[in-house]
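Visitor: I would be grateful for a close look at one part of this model. Please keep to that part at first, and then set it in its surroundings.

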Amino acid sequence: MVKAGMLAAALLLATPAALAVNVGEAPPPLVAQDAAGNWQRLQDYRGKVVYVDFWASWCGPCREAMPQYERIYQAWAARGLVVIGVNVDSDRADAARALKRRPVSFPVVYDPAGSWPERFALPAMPTGYLIGRDGIVRHVHAGFRSGDLPALEALIEKALGEKP
Amino acid sequence: MAAIKNSKALAALTHAALALPGVAAAEVQTDYLYSFYQEKDTPGSQTSSGQSVERYQIHSHMFRAVMPMGENTLGANLTYETMSGASPWWVQPDTNGKPVNVMSGASIRDERVDLQGTWSLPIEPFQAAFSLGYSAEDDYEALNGGAELELRDDERGLTWTGGLGYSDDQLKPEHGTSSPNVIDSESKSTLTLYGGAAMVLNAATVVQANINYQRGDGFLSDPYKLAWIGGSTVADSRPDGRQSWALSGKLRHHLASSNAAIHVDYRYFHDDWEIDAHTLEVAWHQVLPDQWRITPALRWYSQSQAFFYAPYYQAARSDGFASSDYRLSPYGAVSARLDVSKALENLALGAGVEWYDADGSYALKSVDVANPGLVEYLSFQARITYRF
Amino acid sequence: MRRMQRSALLGAVLGAALLQGGCATRSQLPDPPPLMDPPEQAQQSQEALKPWQRGTLAKSEMAWDPDPLLADYRRHVQFSKEAASGGASLGGGGCGCN
């Protein structure tokens, strides 16, 4: 048992598992390039409500979610909502094809190496992080089903109503 | 303690028949397949008349539509086939004792319509699918139903699946020149159970293992076929029950360096008619630029004979069984196919050809006397997929 | 008389399991890690792939049946010519396909 425990500990040290980002915590300082090569920084949106959506073209629910997030973004951008799509396709062309089919107006950044999903320790694909005006995570949305939308929209609306 | 998550895999049915890029779960998708199937003529050396006989020709049309409706997904499958040509009627020895076919004559002409519906929905913690189907020919009618469940364990990279199906079939053979004394009507039923697990080995490899059990009850003989016993013919007669087990394993491995996926499928089959069979198929799915894809594949099959089978009989068996159906004979078969597809925005097209040859010499164990009715065929398919 | 393997839909359904690989479809926070894992398991790094690492497995050419309709057609033909049948799908309606 002791040996087993030591081994487990050694393995843990060898590959430090990123800790999942939870409600009430500050998210990792996401920085990544968009299609135009501009750096998008999560911290630049402090004061706004940010929804960070990790997605990939190969993931069905991710694709299903994109038009919904676009709709929500269009509806509430004026009230201070920002959506940032973080694409984790290893091939940019796959992402481009998916976006051509379902265009979005919110910024999409690319992380083909998957380093930010690692930092956030995503529980699922897709995962969305709702970050309040104070920069603190309000809600972690793992997976996507169309039935999830009313509850998610209510949480976004609540976050928009909070003072920074 | 593993997180058991259900997946939308069953509900989504989003699987593009021809690999359309980026199909989302909420899209309606339709597929159509046309196939032309042609068996090679039976040569004169293998018929009692000494003349070559044209065998089966089949035109098949298959339609599929999948409609997601919220958490539910509805699917429909329609198959329409027309068959014509001759089929081995019985086998008898020629003057040297070599088995030769007596063919049915080109009297067979039939069509088949098959309609299947599927309803898929989440039933926590499972994803479930229910199916109901009806198939009709001039001389055959079948009603079938089934339920399948899937359970995903993402933490361990495992997906469990299981299913239960039942088919109730009615045979109403037609009386004709090649079937003057055929039975009026009979029935049979088939129960199918399967269970299996798929496991993710690494980012590029996944394997699946399955066990399948089938139990047939009722009239399992072929109403149109005869067997030759010491100079006269009797009706094809088989046991009224059959149980079979199939163990199968599948591997899918992606080779990033070639941008290709290799598929290996193996199945071992055994039934209580004492047939043992092995099936091995290897396919190479090569992805090419501009959404083109080319897939060459090879398949090998081998089976041993049913315990009551003989090409012909000198004397009746004590149990009364008799069948000279080539499908119960010992043989092997090889097939090679090539498939090409191209995906566009909302449309995908595909075409393929398969050559299949059954022969005693391909069998795992040496076959003393091969059935003269073994088939060689060519089939051509064209497919189209469209999403709305 | 042979029963046919009817499984384009169901085959697609089950094959799609991988296509959808890594995509959870409901909100769920990760379970806490088990307090102690058997060392063999830890050694084998049996820890499943991370959700965002399933892109390759989700490729359509990696599906059990990349073209379910074609696979169904081929199963039907094989079923009508060979004694063996059965796999990870249900038999469906019958046919007198001699």
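In which loop of chain A does Pro126(A) lie?

Guide: Pro126(A) lies in the loop between α4 (115-120) and β6 (127-131) of chain A. Helices (H or I, at least four residues) and strands (E, at least two) are DSSP runs, numbered from the N terminus. The model is predicted, with pLDDT of at least 70 required for local features and 80 or more for side-chain atom pairs to count, while totals for chains, interfaces and linings use all residues. Residues are numbered from 1 along each chain as its sequence is written, chains being lettered from A and ligands numbered from 1 in the order in which they are written.

Two backbone features mark this loop. The peptide bond from Met125(A) to Pro126(A) is cis, with omega near -5°. Ala121(A), placed in the loop between α4 and β6 of chain A, has a positive phi near 50° although Ala121(A) is not a glycine. Most residues other than glycine have a negative phi, and most peptide bonds are trans. Ala121(A) counts as partly exposed because 17 other C-beta atoms lie within 10 Å; a residue is buried with 20 or more such neighbours, exposed with 12 or fewer, and partly exposed in between, the C-beta atoms being placed from the backbone.

Met125(A) also belongs to the largest nonpolar core, which has 50 residues. Such a core is a set of buried Ala, Val, Leu, Ile, Met, Phe, Trp, Tyr and Cys residues joined through C-beta atoms within 7 Å. Met125(A) is one of the members that touch the most others, together with Val50(A), Tyr51(A), Val52(A), Ala56(A) and Cys62(A). Strand β3 (residues 49-55) of chain A supplies the largest share of this core, 6 residues.

Strand β1 (residues 31-34) of chain A pairs with β2(A) in the antiparallel sense over 3 bridges, and Val31(A) stands opposite Arg41(A) in β2(A).

Contact requires C-beta atoms, placed from the backbone, within 7 Å.

Chain A has 5 helices and 7 strands, following the pattern α-β-β-β-α-β-α-β-α-β-β-α along the sequence. Buried residues make up 37% of its 164 residues. Among contacts in chain A between residues at least 6 apart in sequence, 70% join residues at least 24 apart.

The peptide bond from Glu124(B) to Pro125(B) is cis, with omega near 0°, and Pro125(B) is found in the loop between β7 (108-123) and β8 (126-137) of chain B.

Key
Two residues are in contact if their C-beta atoms, placed from the backbone, lie within 7 Å. Two strands pair if DSSP finds at least two bridges between them.
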